[in-house]
Amino acid sequence: MIVRILGEGQYDVADESLDELNRLDSAVEAAVDADDDAAFAPALGALLDGVRSVGTAHDVDSLDPSDLILPPADASIAEVRELLTDEGLIPG
Amino acid sequence: MSIMKRMSLIFRSKANTALDKAEDPRETLDYSYQRQLDLLTKVRRGVADVATSRKRVELQVNQLEQQATKLQGQAEKALGMDREDLAREALTRKSGLQQQIADLKTQHAQLQGEEEKLTLAQQRLQAKVESFRTRKETIKATYTAAEAQTKIGEAMSGIGEEMGDVGMAMQRAEDKTAAMQARAGAIDELLASGALDDASQPGGGDDISRELDAMSSTSDVEAELARMKGLSAPEQPAAIEGQPAGGDILAEEPQSQTQARPAGEQS
């Protein structure tokens, strides 16, 4: 499946790796739910590192949509919340 | 997989609604392509804007560094004239400048990071837009309007997602740059007015951090004074030896002046 890290691009990730990524994703979600800034940054970092290490870069000129989309590495909890609402993703 | 799933769903639905506009699906292709070119232009401009901000900060760092060098020179001169009070003042101002320089260098690194990210975003979008153009021509040439629908849907969702991503990267870069622009503007004004001689920080912190800053500047100053005294002490005899004739007469006047002045200032 194809995973996009916003601001970075798309990665091909094998389905077998999803369990591991799911585990890392739960930590991110827990930090967002608890509004825990201290836990959030390392949790997001670990999730993105996980995608980068198990995945390979997807063809840059392909027009394939991603199966999953992740926030940029330097995102804050507030920005992730914003991404999860209906505000401001698509330009102009 | 909640965060990833939720974000993907929302992102995709927004990308689709933003692009799905025209009646004839093949018109949608052209319409979308135009939007892609517009976005590409905006991103190029964004890269140029960030580069301009970065260069502006570079220029400011250079100017502040010149100013610091000048103050250093003044301090050495003042100490050579046995005016430790003036030397201390110059070094205190220099220490204030050095904090500004350190702040600016941090900003510079951030701007450089944004510039690199935007440049990469531009390259990614460029590759996808070119690929979309090829696909668009094929679809328009090969398929009837009805048949084209599916093919178009595939091409559109991929490019829509990329456009959303790039648009967001641009927004983030703009936000960060705008905050720095405001500070850079303030420093430009300070430089223009010559007020940077005054080491007071614009909008600088609470009482405690100011006091801590003052303590560290003081110790910086003391350390530097000590170092300079060590340096300039052996030079003094050499300077006197340089003008042996009439040394007695010349020595008397400045001495009485330097003795009188600090006493007058202290009272």
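## The sheet in chain A

In chain A, strand S1 (residues 2-5) runs parallel to S4(A), and three bridges tie them together. Strands here are DSSP E runs of at least two residues, helices are H or I runs of at least four, and both are numbered from the N terminus; two strands pair if DSSP finds at least two bridges between them. Across from A:Arg4 sits A:Ile69 in S4(A).

Zooming out, the chain A sheet is open, with four strands in the order S3-S2-S1-S4 and mixed pairing. Strands S3 (56-57) and S4 (68-70) of chain A are at the edges with a single partner strand each, so one side of each has no neighbour in the sheet.

## About the model

This is a predicted model: local features need pLDDT of at least 70 and side-chain atom pairs 80 or more, while totals for chains, interfaces and linings use all residues. Residues count from 1 along each chain as its sequence is written, with chains lettered from A and ligands numbered from 1 in the order written.

## Where A meets B

On the chain A side, 26 residues are in contact with 35 residues of chain B (contact: C-beta atoms, placed from the backbone, within 7 Å). Helix H1 (18-33) and S4 of chain A are the elements giving two or more residues to that side, and H1(A) gives the most, with five.

## Chain B

Chain B is another story: seven helices and zero strands. Of its contacts with a separation of 6 or more, 84% link residues 24 or more positions apart.

Terms used: Two residues are in contact if their C-beta atoms, placed from the backbone, lie within 7 Å.
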